[in-house]
Amino acid sequence: MTETPAPTPYALAEQAAARLAELTGVERHDVALVLGSGWLPAADALDGAGGANTTELDVTDLPGFSAAAVAGHSGKVRSIRLEGQGDAPERHLLVFLSRTHYYEGKGVDAVVHGVRTAAAAGCRAIVLTNGCGGLNPAWMPGTPVLISDHINLTGRSPIVGARFVDLTDLYAARLRELCRTVDPDLDEGVYVQFPGPHYETPAEVRMAGILGGNLVGMSTTLEAIAAREAGLEVLGISLVTNLAAGISDAPLDHSEVLEAGRAAASRMGDLLARIVPRI
Ligand code: 8IG
């Protein structure tokens, strides 16, 4: 008896993309978004037709995805048709309302499966969002910050083998500029990914600052690397939902994260809705 070998992560993403096309009737998607903690309320602004142009699926309908594990992360994926306007052509968005985190212990391939599925579905660009802690005391909870670069403290890579992928300008300067044409007050910063799921100690937050970091979180860097490997242009946007440990005296609390998202939803939704058609 012979056993069928497990598909490679890339082949599994091809299967997920094929199933996505079948279930949505959309042959190719153009731009993908991954919505992090606090971003869910902003998601609805993307379908300007009030949901009429949206097909929503459970991620588990697609091969290779597992159910969402975090409160505030819905295990759904949406396909949204943006009507063409002026010189902006019709676009198909692929929006993940949840992600798999490194700290879930499902492995790095599970963390980046959405990114690889987006690439296999035809996407040329991806917007990676997250909720995170801020080191700059001027960034009040609810402040969006463009990711200019990252420091990956997981010690892991989604890539296996002698494939030396260049990460210069990983977070595309062109897309950051585009964001600032929409919202000129947007700051930018270096995102430091810790493995989690515990938050940092105050000493670790000081270390992140000494290393050149401005934002601390538990996602995004492995996805960005996989996106670059797949040839996608990457835009990263953090929503500072709390001051990082030790920057303020207050202890960290996940409900604070969800509340900051609700409070910032209209600014974030407006930003996404105005940027995405121009990517
Ligand atoms: I939301 O302060 C959110 N996610 N590591 N630190 C880390 N992750 C986070 C934080 C934070 N806030």
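How do the residues of the lining of the largest pocket divide into nonpolar, polar and charged? They comprise ten nonpolar, eleven polar and two charged residues. The legends below refer to a predicted model.

**Figure 1. Lining of the largest pocket.** At least two lining residues come from each of strand 5 (125-134), strand 8 (215-217), strand 9 (233-243) and helix 8 (254-275). Strand 5 accounts for the largest share, with four residues. By class, the lining divides into ten nonpolar, eleven polar and two charged residues.

**Figure 2. The second largest pocket.** The volume of this pocket is about 240 Å³. It is lined by 18 residues, and Leu46, Gly48, Leu82, Glu83 and Gln85 are the closest to its centre. Two or more lining residues are given by strand 3 (76-82) and by helix 8. Strand 3 gives the most, namely three residues. The lining of the second largest pocket contains ten nonpolar, four polar and four charged residues.

**Figure 3. The largest nonpolar core and the surroundings of Ile126.** In soluble globular proteins, nonpolar side chains tend to be buried together. The largest nonpolar core in the model has 37 residues. Those with the most contacts inside this core are Leu62, Val77, Leu94, Phe96, Ile126, Leu215 and Val234. Helix 7 (residues 221-229) contributes the largest share of the core, four residues. When residues up to four places away in sequence are not counted, Ile126 touches Ala32, Val34, Val115, Ala227, Leu232, Glu233, Val234 and Leu235. Another core, of 31 residues, lies apart from the largest one, and Leu46, Val127, Met268 and Leu272 are among its members.

**Figure 4. Val127 and its contacts.** Val127 lies in strand 5. Its relative accessibility is 1%, so Val127 counts as buried. With neighbours within four places in sequence left aside, Val127 is in contact with Val31, Ala32, Leu33, Val34, Leu235, Ile237, Leu272 and Ile279. The C-alpha atoms of Val127 and Val31 are 7.8 Å apart in space, although the two residues are 96 residues apart in sequence.

Figure 5. Helix 4 (residues 113-120) is largely enclosed by the rest of the structure, because six of its eight residues are buried. The buried residues are His113, Gly114, Val115, Arg116, Thr117 and Ala118. What covers them includes helix 1 (9-24), strand 1 (31-34), strand 4 (91-96), helix 3 (108-111), strand 5 and helix 7. Just after helix 4, Gly122 takes a positive phi of about 110 degrees.

**Figure 6. Cysteines without a disulfide.** The structure holds zero disulfides. The sulfur of Cys132 has its closest cysteine sulfur in Cys179, at 15 Å, which is too far for a bond. A disulfide would require the two sulfur atoms to be within 2.5 Å. Both side chains can be examined for burial as well: Cys132 is buried, with a relative accessible area of 3%, and Cys179 counts as buried at 0% relative accessibility.

Figure 7. The peptide bond from Gly196 to Pro197 is cis, with omega near 0 degrees. Pro197 is in the loop between strand 7 (187-193) and helix 6 (202-210). Asp169, although not a glycine, has a positive phi of about 55 degrees. Asp169 belongs to the loop between strand 6 (143-152) and helix 5 (173-182), and its relative accessible area of 43% makes Asp169 partly exposed. Thr220 is likewise not a glycine and has a positive phi of about 80 degrees. Thr220 sits in the loop between strand 8 and helix 7, and Thr220 is buried, with a relative accessible area of 0%.

Key: Residues numbered from 1 in each chain as written. Predicted model: local features only at pLDDT ≥ 70, side-chain atom pairs only at ≥ 80, totals over all residues. Heavy atoms only, no water. Buried < 20%, exposed > 50% of the residue type's maximum accessible area, 1.4 Å probe, protein only. Core = buried A, V, L, I, M, F, W, Y, C linked by side-chain atoms within 4.5 Å. Contact = heavy atoms within 4.5 Å. Nonpolar A, V, L, I, M, F, W, Y, C, P; charged D, E, K, R; others polar. 1 Å grid on protein atoms, 1.4 Å probe; cavity = no way out; pocket = protein on both sides within 12 Å on 5 of 7 lines; lining within 4 Å. Points joined across faces, edges and corners; volume = space filled by probe spheres on them.
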